[in-house]
Amino acid sequence: MRSLLLSLCCCLAAGAQNPGYIGAQAAEQPQQPPGSLSGSVVDAVTGEPVRGASVQLLHYGRGGMSNLKVDGAGQFSAADLQPGQYAVQVNHQAYPGPLGVTPAAVMVQVESGKATTGVVIKLPPGGTISGRILSDDGEPLMNCTLSLTTVPLGGLPVRQGGFGQTNDEGEFRIASIAPDRYLLWTRCGEALPVERLLDRTGPEGLDPGAGWRPSFYPDSPTRSGATSIAVVSGANIELELSMKATPVTTVRGVVVTPAGAAAPEVYRVLLEPEDTATGRNLSLEHSVQGKSGRFRITMVPPGTYRVRAIPLGQRSQPAWYGSRTITVGTTPPPPIRLQMEPAIRISGRVEDPRTEEGATARPAPRMRIGSFADLPAPESPKGSISFTEIDTRQQSQEIRNAQVKAADGTFEVEGLTPGRWRVEYRSFRGPAWIESMQYGEAPNDGQSIEVAQGGASPLLIQLGGKSAELRYELKGAGVASKTTWAIQAIRADGPATMGVNVIGSIVRGQPMLGQPLAPGRYYIFAVEAMLGGSLVNDRVNQLLLRELKVVEVAAGREQTIEVPCFTQEEIRQKIAAFLADDVR
């Protein structure tokens, strides 16, 4: 994965090669009197000034970035600027881009000894969802929570789009929503009165027997029956939701720490619905204080749940975990015993035939510490390995990382839990990738391993480093121009790739600047590069992938790859079409 900053760097590098590229500067220019720049940031819909915006100014062609202050009237200014082209990048948390992409910079020319004034940056606002939540007999419900999650695309984990809560009139409003398609989920925590003639009240009070059924808009207990909502810039969507009564029960249990292990002071016990695939925000939870380990979760509707215990105060890679699946009906289930297990540690070795056969030893680097004599410096690691949990139920993927020792290629990773994990290697010493893996008795298929409790085996990773010799032919309506194209390569196998994976940039008629590809199956395409922002992220990429064919890249083979190109305007049209479609 690479940040969008890499895309920017690629664009600038290509610009330096191409004399026709906007912002190219002569190698040496005499000093000229400075100029100045001033302007304002306004709402693209209302025209009102935007306060609190972040404005960055980049001298295009020479580098150097500065932050400008925006006053209460949305005005900004900068003096003593060297003549040339500048990119003005503006961001504001209340003005998110469509599908979460960052806005493009505005190009401005500053002339020697002159004031460039009247620059107006228009920010498209987010959308809004508002309305009321009523009971099944028309009464307003207060303290109901609402959660927006993005419609799943290509197996990507869903993203949080916003939260809301009703007031005493049952009214809610979720503002500054990035234009996208969303699922709206609602939960009202009010316990409904039920007849309990013979119940005895204990120290924890009565267990609620009925409540309001958690629902996806418009009226579905599961995601499969939900209707997506298209949020567009500057528009408000008015909704009225009606909640239905449902039986609820209480789930009790105890978290049991392994014998001889010190019990954490606090656990989080999570009850995650198995049939929603919409993330942890839909879970019920209870914080267990003290060492008793006892928990009680009320207002649980019927369904199948994954129960997890997370000790708080541990490192990001936990030493313990607890997890099991339960089915809840209309009567309380027996108390749950949730046994904590030690998190799984895997050790292994990375073998690189290119360096381990006939390689000559390099002299150890040295460093000076204060007045001491030169000492051997610690050798930097050979690379790093990431383990990513493959679990579509989660809103965010669990990731564990380990560094590979330079001396012998060994590594250790902690905090794994049973399940399937994708393994990726990043070399710090030039191109390299996983050619094969062995975990357990048999070689592993693909780039993932199945981790089981009590069955951790050494993981042997064999690297390859002979990249394919690739030539790229740009295809598309806009490729005849001197536009710089940022080329992406998204793996077609395994779980959906998160983020933007730019492998280089290219201008028609010039050599590509970029990095080699590991052998494998890819979607390879190019987007029109833009300074200071991007029209793509992982969600936009998934829209583009629908139109692409998979390309097989083989090690050591010469290949010519036709690269479909998407202009900025084409991408905007595809985003608009996605928002307009009636997607379920």
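Modeller: In this predicted model, a disulfide is taken to be a pair of cysteine sulfur atoms within 2.5 Å.

Biologist: Which handedness has the link of Cys 144 and Cys 188?

Modeller: The sulfur atoms of Cys 144 and Cys 188 lie 2.0 Å apart, and a disulfide requires them within 2.5 Å. The angle about the S-S bond is 110 degrees, and the link is right-handed.

Biologist: Which strands hold Cys 144 and Cys 188?

Modeller: Cys 144 and Cys 188 are both buried. They are 44 residues apart and link distant parts of the chain, with Cys 144 in strand E9 (residues 144–150) and Cys 188 in strand E12.

Biologist: How far apart are the end C-alpha atoms of helix H4?

Modeller: Helix H4 runs over residues 568–580, which is 13 residues.

Biologist: What arc around the axis do the buried residues of H4 cover?

Modeller: The buried residues of H4 are Gln 568, Ile 571, Ile 575, Phe 578 and Leu 579. They lie on the same side of H4, because their arc around the axis is only 100 degrees.

Biologist: Which residue in E34 stands opposite Gly 419?

Modeller: Strand E32 (residues 419–427) pairs with E34 in the antiparallel sense over four bridges. Opposite Gly 419, the residue in E34 is Val 451.

Methods. Residues numbered from 1 in each chain as written. Predicted model: local features only at pLDDT ≥ 70, side-chain atom pairs only at ≥ 80, totals over all residues. Heavy atoms only, no water. Helix = DSSP H or I, 4+ residues; strand = E, 2+ residues; numbered from the N terminus. Expected span 1.5 Å × (residues − 1). Buried < 20%, exposed > 50% of the residue type's maximum accessible area, 1.4 Å probe, protein only. Arc of directions from axis to C-beta. Pairing = 2+ DSSP bridges.
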